[in-house]
Amino acid sequence: MTMLPAPAPAINSTTAEFWKATTEGRFLLQRCNACDIVLWFPRRNCPKCWTEDVSTFDAQQTGTIYSFTVVRKGTGAFKDAGPFVIAYVELADGPRIMTNIVDCDIDALHVGMPVEMVFHDTGEGSALYRFRPASR
Amino acid sequence: MTIRGAAYVAGIYEHPRRDIPDRTLFEIHTEVALGALADAGLQMSDVDAVFCDGTAGFGPMSLVEHFGLRPTYFDSTETGGSSYLAHVGHAAAAIAAGKCSVALITLAGKPRTGRHEVSFASGSDSGFESGWGIAGAPHTYALAAQRHMYEFGTTSAQLAEIKVAASIHAQYNPNAYLPYAVTVEDVLNSPLVADPLHRLDCCVVTDGGGALIVVSPEVARSLGRTSAKILGHGEAIKHTSNGGIDLTYTGAVWSGPRAFAEAGVSVADIKYASIYDSFTITVLQTIEDLGFCEKGQGGKFVMDGGLVAPFGKLPFNTDGGGLCNNHPSNRGGITKVIEAVRQMRGEAHPSVQVPNCQISLAHGTGGSLGSKHGSVTLILGQEDA
């Protein structure tokens, strides 16, 4: 599998801290200090109690595949990528997040497979968080 | 207040064409509006409420201007392909509240031959749910299919049975985009688009449109045409739930009970169902979620002709559905209501007409099973239902 393209995401005032951290190899999650739930994706207000009293922490960069699909032919920036994998990964810290699985044998992928995070620099002040099969 | 019996679907029209290079979007809106009004026996000047999705211009204003109307009520609820079922429910509520008496609901789109640039403002998911190479609905619906297979052992052959049933119906519809029957093997041998979905697990892409006329009981009684009584409506939005998405069920688990409760009927009363069929997995999950079978048993339910009209356990999508007939503007909701009304009137093709079709259901799923979607359930009945 060739290197997947890494198109830059749109960044706004709420997500700037998150995306800056990705360029340092860090994946930030938020926790609501009032109701103690983990938030995904970055927000100013807790979606359960709507307080702005949320804090940020460095998340574990591991998880398991919750579901995946092999896209046989991409379009746009992914036109020449060959078959590639879109997935939901359930993070060790809880949230199920949409992502790509890379550096893998697509025929060996399965739901429940342990994976670890890698970062692909977009060249525009952000890095995409993707996953590969866990090394151990 | 309930909408049970407060309004009727009195007119329907499905654009007969699937490629429409020679009409603008707004011309198609007019064409289908006039078609449905003629079906009901009404005039454009009778319309006092206009309903459209978010693609018909600047909210409802562009369309109302185009039609040359001055409605007392309007609504541009946008939940993708389920919008039009929501419009029916909202129109019925508005009629029950005395806000209007003749509601016009139209859809038009040209994804085949026209520019089809539907764009919406980004939500707070921007950058987190887009990207990743997602370039169409199949990619995210495939995620739902994969997880359903993992949890319940659903197979590709079972999903294929849904396409086969739709195709059996489509062969009686001369306007269908794919008017021929296919086999399970045909589906499984078609190219994988996004595992586990094959090309034939996907709906067709068609230009087209459709329209519905929803009227008060007084107007319905004044018309010579048989109308379908609106018995119940339920709607719900299912989303990623703060990183807690569960891909094995749809918003039908919430919209269905609301509609059944309002209608005062149960799944056993449903003689025919139009089930939104953007993909085979959409149908499979929806019939489970509406309670036609237990969760996880959808694969078994659809086997052995379970969905084939007129005598299957649950005759569905007798026009060929989005899977074979028509998915105008990449939105299948309006044709779901149209075929349900044909069944209530006894005007489906004789080969697929369900006998004594007293109560039917139409269900829409707009957006994505893989992230967020709007689910809307309608229950329709004949006059004495």
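Start by colouring chain B in two parts: domain 1 takes residues 8–113 + 207–227, and domain 2 takes 137–204 + 232–381. Keep in mind as you click around that this is a predicted model.

Now zoom out until both parts are in view. The C-alpha centres of domain 1 of chain B and domain 2 of chain B sit 23 Å apart. Where the two meet, 39 residues of domain 1 of chain B and 33 residues of domain 2 of chain B take part in the contact. Together these two domains bury about 2,700 Å², with 62% of that on carbon and sulfur atoms.

Next, select Glu14(B), Arg18(B) and Leu85(B). This trio supplies 25% of the area that domain 1 of chain B buries against domain 2 of chain B, more than any other three residues.

Time to look for charges. How many salt bridges does the rule find across the interface of domain 1 of chain B and domain 2 of chain B? There are five. For a salt bridge to look at up close, show the side chains of Asp53(B) and Arg331(B), which meet at 3.3 Å, N to O. Polar contacts between domain 1 of chain B and domain 2 of chain B come to 18 residue pairs, both residues being at pLDDT 80 or more.

Switch to cartoon view for the domain 1 side. The elements of chain B giving two or more residues to the side that touches domain 2 are β1 (8–14), α3 (83–96), β4 (102–109) and β7 (208–215). Of these, α3(B) gives the most, with seven residues.

Finally, colour that side of domain 1 of chain B by class: you'll get 15 nonpolar, 16 polar and eight charged residues.

Terms used
Residues numbered from 1 in each chain as written. Chains lettered and ligands numbered in written order. Predicted model: local features only at pLDDT ≥ 70, side-chain atom pairs only at ≥ 80, totals over all residues. Heavy atoms only, no water. Domains from an automatic or database assignment. Contact = heavy atoms within 4.5 Å. Buried area = accessible area lost by both parts, 1.4 Å probe. Salt bridge = Lys/Arg side-chain N within 4 Å of Asp/Glu carboxyl O. Polar contact = N/O pair within 3.5 Å; in protein donor to acceptor, adjacent residues only side chain to side chain. Helix = DSSP H or I, 4+ residues; strand = E, 2+ residues; numbered from the N terminus. Nonpolar A, V, L, I, M, F, W, Y, C, P; charged D, E, K, R; others polar.
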